[in-house]
Every structure is written in structure tokens, then in C-alpha cells.
Amino acid sequence: MLPLLAPHASGQSQPATPRLSFDTASLHETKPGSEEQNSNVPLGPGNVYSPTGGLLVIHNYPLVGLVSFAYRMTSGQLSTFENMAPAWVRDTHFSVVARTEKTDVTKDELRLMMRSLLAERFAMAVHYESRQTPVFAAQLVKPGQPGPRLRPHPADGCSHAFPKDAANGALPPPDTIAGGFPAVCGGLLMMSSSTPTHYLIGARDVQVVTITNAMASWGDLGRPVVDQTGLTGNYDFALDFIPKRADPPPGTPAPPTEGEEPNFLYAVRTQLGMKLEAQKQPVEVLLLDHIDHLSDN
């Protein structure tokens, strides 16, 4: 079960936030492929987070990945930011070892500290702006009635932290619980699918807006998805679908498609009870005002 680096939904103007900073931080450039890419804190949009005592360790991520973590970008925000950023922001990888004396630091506080670190080391300045943009509006096929794999989250006291690795000889904890939902709450997770050609993505105890705004990247839709379901409160979901294939090189025979349902849109409709309608709406984007190459630690 893996956390997804899928963008978080904002959809509203960002409130003023207190400036928080790490007490110590080392940040240096790494060569792509020179070491494994990993982090002791999931960099995805959810709340999955095992306490680290105030230590953040990130290895070999592109700078845009650190920015996405800091600002919980939607897929549309990420695309806009990448298009206007210098190529090195997308291509150059960095590693971070940072510590705060606040040993009970939350994941959102770590995001704010990362914003401060980016401003300090890269002189990065950004602002939000609303733009009229083509979108897909996620609506319920039957008003007020979610699909069979989208349910209101029960008050079951589930954990938002990943379980520790199993001891030698012990069986690892299961990815899922009854119904195929993730065993861990609070984040968008890639789970093991019983069919090798399928993706199985799910979450528990998340807002529907978090689900819909991640759909653009899952389905390779080419435009943001906004929530018009009218569903409030937190939900559990599990979505099983076949990812979109890249176009084959010229002259390559097309792969067979028989028996390959559900594709993404079909799965969203039949499993989550949602349809996607093309619209134009004002969407909040994160714009880059200034960025410099890494300054000395």
C-alpha cells in the first residue's frame, strides 16, 4: 500500500497562515537515479502521517515535488506551475534533512515549514490567482445517492499512521479491510490489485473534494475536476480501473482491448456513482513570481 503524490483540493482562497520554520535544515542537490527516492513522511495530499519526533527526511525528489508537498497542489495547479517554472525546477532533484524542536509537529505544520525553507533557500515567491478554466464537474448520477464503493465514513477510530514493519517471520498487515477499503485512514493510497492490469486506489475518512480533485491525474483527463456532488462529511472509497494506455509508437500493433472494462470513466460512474460533465469555471492556480538556484546551506 503506497501513498499517492496526488494533489490536494483547495478550491478556495488560501487563508493567512503563520510563518513556521525548521530549527535546522540541510538541503542539497542529488542526481536523478543516483539513489532511491523516498521520504519518511508521505508527500501526498492526505493526512497519513506517522509521527517522526520532528524529523523530516526526503531523498532525491524534484524541486517541484517539494513545492507540491508544501502547497498541497491540485493537478491543475501543478500543471500550471510546471509550465511557468524554469526547466531545472522540474528536472533537478534534491534531498532534505530538516528538524524542528516541536516533536509533535503535524503534517500541515511541516508543509508550512517547507514553504519557509523554499523561500529561504530558493528565494521562491508565489501567489494564488483565479482563472476561468475548462474543468470536469463531478456530479452524482443519482442525486443524493453515492455508488456502491463510496460510503460515509463510519466512526470506527481507524489509524492515520502506517503500521510498523512486521517482525521477522510475521505476516505483514493487510492492505485492505472488508469491502476493499484501505486499512489506513486519511490519505489517498495505491493498494494491491488482484488484476495486474488494474489500478486499485482508495481512501478512508477523506472529504469528497479530495477524491474528485485527484481524478484528473488518475484518469489522465487533461483538465481539473471540481466537486459538484453535494456530499458533505468524510467518506471511504475504493476505485478499481484500468489506466489509460500511452499511444503506441507508429507501426506498433494496437494492444487488445476486449475484456478491459472498467476504464476510468466507467469505473467512476459504476463504482462511485459519479459522472463528469465538461464546464468552464474559475479555478485557483498557484503562480510562480520568482525563484533562484539553491543558495548555500
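Is Ser 68 buried or exposed? Let's start there, everyone. At 9% relative accessibility, Ser 68 counts as buried, since the cut-off for buried is under 20%. One reminder before I go on: this is a predicted model.

So, where does Ser 68 sit? Its place is in helix H1. If we set aside neighbours within four places in sequence, Ser 68 is in contact with Met 73 and Leu 78.

Let me step back for the overall picture. The protein has 297 residues, and buried ones make up 45% of them. You'll find 6 helices and 12 strands as you look through the model. Take the contacts with a separation of 6 or more: 80% of them are accounted for by residues 24 or more positions apart.

Now back to H1, and to its partner. Two packed helices are described by the angle between their axes and the distance between the axes. Helix H1 runs over residues 63-71 and helix H4 over residues 107-122; their axes come within 7 Å and cross at roughly 135 degrees. H1 and H4 are therefore oblique to each other, and their crossing is left-handed. Which residues make the contact? From H1 we have Leu 63, Leu 66, Val 67, Phe 69, Ala 70 and Tyr 71. From H4 come Lys 107, Leu 110, Arg 111, Met 114, Arg 115, Leu 118 and Phe 122. Sorted by class, this contact of H1 with H4 holds 10 nonpolar residues, 3 charged ones and no polar ones.

While we're in this part of the chain, have a look at Lys 102, in the loop between strand S5 (93-99) and H4. Lys 102 is partly exposed, with a relative accessible area of 33%. Not counting residues up to four places away in sequence, Lys 102 touches Gly 54 and Glu 109. Its C-alpha atom is also separated by 7.7 Å from that of Gly 53, although Lys 102 and Gly 53 are 49 residues apart along the chain.

Leu 27 is found in strand S2, residues 24-30, and counts as buried at 1% relative accessibility.

How many disulfides does the structure hold? It holds 1. Cys 158 and Cys 185 form it, and their sulfur atoms are 1.7 Å apart. The link of Cys 158 and Cys 185 is left-handed, with -100 degrees about the S-S bond. Both cysteines lie in the loop between strand S7 (150-152) and strand S8 (189-191), so the pair ties together parts that are 27 residues apart in sequence. Cys 158 is buried, at a relative accessible area of 18%, and Cys 185 is buried too, at 0%.

My last stop is helix H5, residues 208-218. This helix is mostly covered, with 9 of its 11 residues buried. Among those buried residues of H5 are Val 208, Ile 211, Met 215 and Trp 218, along with Thr 210, Thr 212 and Asn 213. Just after H5, Asp 220 takes a positive phi of about 50 degrees.

Notes
Residues are numbered from 1 along each chain as its sequence is written. This is a predicted model: local features need pLDDT of at least 70, side-chain atom pairs count only at pLDDT 80 or more; totals for chains, interfaces and linings use all residues. Side-chain values use heavy atoms; hydrogens and water are left out. Axes are lines fitted to C-alpha atoms, for helices over the stretch in contact, and angles run from 0 to 180 degrees between N-to-C directions. Helices (H or I, at least four residues) and strands (E, at least two) are DSSP runs, numbered from the N terminus. Angles under 35 degrees count as roughly parallel, over 145 as roughly antiparallel, 65 to 115 as roughly perpendicular and the rest as oblique. A crossing is left-handed if the near helix is turned anticlockwise from the far one by less than a right angle, and right-handed if clockwise. Contact means heavy atoms within 4.5 Å. Ala, Val, Leu, Ile, Met, Phe, Trp, Tyr, Cys and Pro count as nonpolar, Asp, Glu, Lys and Arg as charged, and the others, Gly among them, as polar. A disulfide is a pair of cysteine sulfur atoms within 2.5 Å. Buried means under 20% relative accessible area, exposed over 50%, partly exposed in between (1.4 Å probe, protein chains only).
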